[in-house]
Amino acid sequence: MGASLLNPSPDSHTPRGDRYAMESGAVSPQSSQDAEDAEDAKLGSVTLVEVPGRANDIEEAVAAVGGPKAVTDAIVNKGKLRLRLCRRYQFQAPLPMKRHRTSDLLVKARKKEDGTWDYEAIAWVPTSFRTEVLADFLFVPGSELKHGEHSIIGSIEQEISGEGVSGAPYMPPAYFTRVDTPQAYDFEENSFLKRQRNPEVKAIAGTSEAKLYRDWVGVHIMKFNNKEPPTKPPEGAKDSLREDEKQIVAGLEKLFAERPLWLRGPAEERLKEMGLSANVSTMQKSFICVSYLWSDGPWRQVYIRLGFDPRTDPGTRFMQVIDFRDRLLKERRAYFERVQGTMDQQPVQALDCHFRTPPVNRSQLYQYLDIEDEVVQQILQSSEVLKECSFKTGWLPQQTLDAIRERMAVKAELLRRSRQHALQDATTPAVANEAASSQKKKRDAQAPEALKDEASGTRWWTC
C-alpha cells in the first residue's frame, strides 16, 4: 500500500495547436478526432511521488521526501529525492527514490446517490518517483541519545573536551544485510503463490503467430517422504526429442538397465565410453525420458530409473551418495594458496567421480559404488544392513558412514601429498639447471674477460 503525493509540474503540458478549416465562413474543428485532442490538451500534468505506506499526515509525508523545495528541484533540475521514514532518527540511511517515465492519468471519482460512480479526468502523470529498495532495520539507541533524535550526548564542547561523557560509546552497525532489493522467491509451502501463478502465454489470440515460448518439460522430482515414485516420463518429454537426442536416450536406457541409480557425472562418463556425448540441455531432456531425480536423503541429486524405489531394495546401499567435504578446502589458507597458484599446479581436466584425485570443490558428491578404494569397499561389504531405510543414513548405520568419511579424508591428504611430491620431482632438474646457469654467469662476470681471435686462433686476456 502506498500513498501518492501529486504536485503540479512546472513544465506542465502546453495545449497542442489545433488545425482548423474554413467552412461557410466559420472556424470549426477539422475532425472529431481533433476535437478530442483539443479536449485532452486542456489537461495539465502532475508529478507523482509514491510513499510506501499510508500517509495520515500529508505535511509530514512531504517533509519526509525533503519538502516542496526538494520536490520542485527534482522535477525542474532532474534532481534526486530521498525518503526518510523517520526524520527524527539521526542514524537511519535515507531511501533513494528513482525517477520513472509514466503515462498514467489522474482521475477524480464521485459516488452518486444511486450507487454509481462519476469520473472526471484531472491531469496526466508523465513522471513518478518511487522507492525500489528495502528500508534497513532500525537499531535504536538508548535514552541518553533520546532514542535517536540526537547523534551526540550533551553538546559539541562536551564531546570534544570529554566532560560529562560517561558509559560506552554508541556505535551503530553499518548495515544489517547486503541485499537491499526485493528478491523473487518460490517457497513451496506458500499456497498463495500456487493460486496466483498465471498460465504461460503460448500463442497470440486472433493471429496466426506461432508459440511465443518453447514448452519446457520439467523432470519428475522425488523426495524421501513421497509415497510412490513416478512410472512414466512427463507428458510431452519424448515428443520434444530430436533424432540425434534419441541416441542419447537409448544409451541411457542401457545404463539404467545395468544399474537403476546414476549420478550425472558417472553417467556422462559411461556415455563417452560408448561414443556418445551431448550438451547440458540434451542430457537434461534425455534424463527426463528414462528417469526421475531424487532431491534429498541418501540419494540426493541421483537419477533413478522410472518406477524403481530405492527405499524398498537394500542393495541400493552401494549406490547411496556421500557429500564429501575436504578438510583442507574448509581452511582459509586453501583460498590464498589457490589464488597464489601454490596449492595445486597440475590441471584437472574433468570432475573426478571415482576419487582418484583429491577433490577440487568444497562439496563433492560420490556414489559409494564408484569410489575406487579397497578400504571403502571393504567397509561397505562388511557393514550391517538396517531393517528400515533411514532418511539420514539410508540402509547403512551411522558408524559405517563415519568410517568411510574418515577414510576418504585420509586418502585425500595422501593423494594431495603424492601430487605435490611428484610436482617437486618434476621441477627439481629444471631448478638445478637454472641455478647452475646463474652461478656460471656470475663467475664469468667476476673473472677477466676472455677475448678470442677466431682468425688467428689465439686467446687474449685483458685485466
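**Helices and a sheet**

Guide: The crossing of α6 and α8 is right-handed. This is a predicted model, and what follows describes its coordinates.

Two packed helices are described by the angle between their axes and the distance between the axes. For helix α6, residues 243-258, and α8, the angle is about 50° and the axes are 9 Å apart. On the α6 side, the contact is made by Glu 245, Ile 248, Val 249, Leu 252, Glu 253 and Phe 256. They meet Thr 282, Met 283, Lys 285, Ser 286, Phe 287, Cys 289 and Val 290 of α8. By class, the contact of α6 with α8 has eight nonpolar, two polar and three charged residues.

Helix α8, residues 280-290, also packs with helix α7, residues 264-273. Here the angle is about 105° and the axes are 13 Å apart. Angles of 65 to 115 degrees count as roughly perpendicular, so that is how α7 and α8 stand to each other. From α7, the contact takes in Arg 264, Ala 267, Glu 268 and Leu 271. From α8, it takes in Val 280, Met 283, Gln 284 and Phe 287. These residues divide into five nonpolar, one polar and two charged.

Now the sheet. Strands of a sheet pair through backbone hydrogen bonds, either parallel or antiparallel. β9 and strand β11, residues 302-305, run antiparallel and are joined by two bridges. Trp 262 stands opposite Tyr 303 in β11.

A word on confidence. The mean pLDDT of the protein is 76, and 63% of its residues reach 70 or more. Over residues 11-32 the pLDDT stays under 50, and the model has 24 contacts beyond four places in sequence for them. Residues 447-463 also have a pLDDT below 50, with 16 contacts beyond near neighbours in sequence. Where pLDDT is low, the predicted coordinates should not be read in detail.

Note on methods. Residues numbered from 1 in each chain as written. Predicted model: local features only at pLDDT ≥ 70, side-chain atom pairs only at ≥ 80, totals over all residues. Heavy atoms only, no water. Axes fitted to C-alpha atoms, helices over the stretch in contact; angles between N-to-C directions. Helix = DSSP H or I, 4+ residues; strand = E, 2+ residues; numbered from the N terminus. Parallel < 35°, antiparallel > 145°, perpendicular 65-115°, else oblique. Contact = heavy atoms within 4.5 Å. Nonpolar A, V, L, I, M, F, W, Y, C, P; charged D, E, K, R; others polar. Left-handed = near helix turned anticlockwise from the far one by under 90°. pLDDT = per-residue confidence, 0-100. Pairing = 2+ DSSP bridges.
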